[in-house]
Amino acid sequence: MGAPKCGTTSMYHYLRQHDQIFMPDKKEPHYFGKDLIKMSDEFIDNEDEYLNLFKDAKSDQKLGEASTFYLYSKSASKEIKEYNPDAKIIIMLRNPIDFLHSLHSQLLFSGNEDEPNFEIAMELEEERMKGNKLPENIDMIDKIYYLEHVRRIPEQVNNYLDTFGNENVAVILLDDLHKNPEACFIKILKLLNVNINFTPDFSIQNPNKAVRSFWIRNLIKRYHNDLGKLRGIFYKKPIGIIRYFINRNTKLLKRMPVSEVLRNKLIEELNPRIVQLEDILHIELKHWKLP
């Protein structure tokens, strides 16, 4: 699970390569988390449809998925525990300022954000939490509650630890994943009780991207579900048409850095949350804070 833009896509791809693990093609079904405000039928709310994601799994494989916003749902942990008391939880985190900056860029790319200026998007949060100035094509309202995400992290991490027990939860920092992906991967394999003598392709997944045309992006965002249903009439599995157009409309782009003034303002605001997280995880995160 989350947080978004914290290495979850990379870990999802690493785990998919292991023959004792089954991760479905749909990375983020968001079946759990009934309190999340979902605005699109691309998310699954039907149990039969959810179970169908895993129909090709072998009987001896561990089943998993990577819905990032389970971390921000207040009800997801309880729902998952009721559904599967033996579930193992993976939580991936990163420096909160880099997380917010990266999340804004990803939401702008996906069509869930329409304010290109990061600082202004931060300022809009209070109004958006009242239901105002929402992006036209957003598929889940919770996605643009930027600072609220970070404020919730310590409490939510602690909630998962309390609900499932420390022995059933692995917390991975993106810093550690970058420095030593193999050690992080083995930590998760041990959690899942599968063969640790396996090395996946550790190539980076989900780098920062930007769209070439916002008009094309909005068109794809608005109609991709309908096109998928139409394709389903003739072909059971995706044939890559929508993915082709998304790729053609994508360019890799280095993000503009956060201004020093804004970064200092955000760190001052979020430092108390980092301290809380240090206490919960019993680790030092001084590289996330001001000296």
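Residues are numbered from 1 along each chain as its sequence is written, and side-chain values use heavy atoms, leaving out hydrogens and water. As the model is predicted, local features need pLDDT of at least 70 and side-chain atom pairs count only at pLDDT 80 or more, while totals for chains, interfaces and linings use all residues.

Q: What makes up the secondary structure of the chain?
A: The chain has 12 helices and six strands. These are DSSP runs, numbered from the N terminus: helices are H or I with at least four residues, strands are E with at least two.

Q: What makes His282 count as buried or exposed?
A: His282 has 69% relative accessibility, so it counts as exposed. His282 lies in the segment after H12. Its phi is positive too, about 60°, although His282 is not a glycine.

Q: How much of the chain counts as buried?
A: Of the 291 residues, 48% do. The accessible surface comes to about 15900 Å², and 51% of that belongs to carbon and sulfur atoms. Such areas come from the Shrake-Rupley method with a 1.4 Å probe; for residues, only the protein chains shown count as cover.

Q: What is called a kink in H12, and where does it lie?
A: The kink is about 45° and lies at Leu270, shortly before the proline Pro272. The bend at a residue is the angle between axes fitted to the seven residues ending there and the seven starting there.

Q: Which elements do the buried residues of H12 pack against?
A: They pack against strand S3 (89–93), helix H4 (96–110), helix H5 (118–123), H7 and strand S4 (169–173). Contact means heavy atoms within 4.5 Å. The buried residues of H12 include Leu266, Leu270, Ile274 and Leu277.

Q: What share of contacts joins residues 24 or more positions apart?
A: Among contacts in the chain with a separation of 6 or more, the share is 71%.

Q: What makes a space a cavity, and how many are there?
A: On a 1 Å grid over the protein atoms alone, a cavity is a set of points where a 1.4 Å probe fits but cannot get out. A pocket is an open set with protein on both sides within 12 Å along at least five of seven lines; lining residues have an atom within 4 Å of a point. The search finds two cavities of 30 Å³ or more.

Q: Which residues line the largest cavity?
A: Among them are Leu93, Arg94, Val150, Arg273, Ile274 and Trp288. Helix H7 (146–164) and helix H12 (260–281) each supply at least two. The lining divides into eight nonpolar, no polar and two charged residues.

Q: What is the volume of the second largest pocket?
A: The volume is about 780 Å³. Of its 28 lining residues, the closest to the centre are Leu63, Gly64, Glu65, Ala87 and Lys88. H1 gives the largest share of the lining, four residues.

Methods:
Grid points are joined across faces, edges and corners, and a volume is the space filled by probe spheres set on the points. Ala, Val, Leu, Ile, Met, Phe, Trp, Tyr, Cys and Pro count as nonpolar, Asp, Glu, Lys and Arg as charged, and the others, Gly among them, as polar. Buried means under 20% relative accessible area, exposed over 50%, partly exposed in between (1.4 Å probe, protein chains only).
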